[in-house]
Amino acid sequence: MGKKKNNVWKMDAKRCLISWRFLGVVLAVAVICIMSMSENWKDIFSGRVRDTMSSVDQLNKMMFFDRFKPLLIVVLSVVYSNSFTEDWNHRYFRFIYSRSGIKRYACSKIFVTILGVVLASILGFVLFGVIMYPWMRMGAIEGVFQIESCYSEYPELLVSPVPVLYLVIHGWNFGLSASCMAVAGLWLTVKKPNSFIGIGGPFFIFYFVYAISVWIMPHSWNYMNVSSFLGIEWGTQSLEARLLFYTLYLLVCNIIPAIGFYISLRKRWKNGTL
């Protein structure tokens, strides 16, 4: 039984992470970050701003203004939120289910979706910093921060001697924020196995959650602030405490649609419609 459990997890992980699609998503994340700077391309690629602009500043700017975040959500959802639809349309579901069971099948899909989105987000942000390195520094330049950087949740990392750490933590935070939407898309496909629902659904859910959280949630629990990596007044709380809070908060946000996915899947199984 243990072997079967491991097999379904390995199969899902392989389909998600060891694929051209995953690499394409990582590249797409980096390209979207570069697209967000289109207004400054002339100055950037001429080399005139190397001492006044940086990758972490520009990433903060993109998150602050929100214009490209919905596009990132859609691109990251491509990683694996459409996996149930693929299993359904290609008749893989009955074979996989017969070897693993509903609970293991659901857990595998949820875990690999979250893992894939978070990894793609981290690697995409780091790749963005690496690609732009010939034209701008990776770490923020002390004394010439872009104004958006002042609102960063981890300002002490902005001038760190290891700026890639900031991109990794930023990717971790946004990846967990985006995986909530991807798992929600996975949930929607159980009700209607359709590729548009699996990839496009997270886009609309993102805006819905954004609006609701701004309206009813306190500042420090606001999905807009949390997903944007915006600074929140923490007093003397350490960086580790802040990171732990955000991680636990976003994991709970992932658990909610994950439970919905499992319940919907089990309901269809009981009704004989799987």
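Reply: A pocket is an open set of grid points with protein on both sides within 12 Å along at least five of seven lines, and its volume is the space filled by probe spheres set on the points. In this model, which is predicted, the largest pocket has a volume of about 360 Å³.

Me: Which residues lie nearest the centre of the largest pocket, and how many residues line it?

Reply: The lining is made up of 17 residues, and Met181, Val209, Cys253, Ile256 and Pro257 are the ones nearest the centre. Two or more lining residues come from each of H10, H11 and H13, with H11 giving the most, namely 6 residues.

Me: What is Phe174 in contact with, leaving aside its neighbours within four places in sequence?

Reply: With those neighbours set aside, Phe174 contacts Met63, Lys69, Leu72, Ile73, Leu76, Ser121, Phe125 and Ser227.

Me: How many aromatic pairs does a search of the whole structure find, and what is the geometry of the pair formed by Tyr210 and Tyr223?

Reply: Planes over 60 degrees apart count as edge-to-face. The search finds 11 aromatic pairs, and the pair of Tyr210 and Tyr223 is edge-to-face, with 6.1 Å centre to centre and 75° between the planes. Because Tyr210 lies in helix H11 (residues 195-216) and Tyr223 in helix H12 (residues 223-228), this pair ties together parts that are 13 residues apart in sequence. Ring pairs also link these two with Phe203, Phe204, Phe206 and Tyr207 into a cluster.

Me: Are Tyr210 and Tyr223 buried or exposed?

Reply: Buried means under 20% relative accessible area. Tyr210, at 10%, is therefore buried, and so is Tyr223, at 3%.

Me: Finally, what span should helix H2 have?

Reply: At 1.5 Å a residue, the 16 residues of H2 (residues 20-35) should span 22 Å, and the end C-alpha atoms are 22 Å apart, which agrees. The buried residues of H2 are Phe22, Val25, Val26, Val29, Ala30, Ile32, Cys33 and Ile34.

Notes:
Residues are numbered from 1 along each chain as its sequence is written. This is a predicted model: local features need pLDDT of at least 70, side-chain atom pairs count only at pLDDT 80 or more; totals for chains, interfaces and linings use all residues. Side-chain values use heavy atoms; hydrogens and water are left out. Helices (H or I, at least four residues) and strands (E, at least two) are DSSP runs, numbered from the N terminus. The expected span of a helix is 1.5 Å times one less than its number of residues. Buried means under 20% relative accessible area, exposed over 50%, partly exposed in between (1.4 Å probe, protein chains only). Rings of Phe, Tyr and Trp (its six-membered ring) pair if their centres lie within 6.5 Å; planes under 30 degrees apart count as stacked, over 60 as edge-to-face and the rest as tilted. Contact means heavy atoms within 4.5 Å. On a 1 Å grid over the protein atoms alone, a cavity is a set of points where a 1.4 Å probe fits but cannot get out, and a pocket is an open set with protein on both sides within 12 Å along at least five of seven lines; lining residues have an atom within 4 Å of a point.
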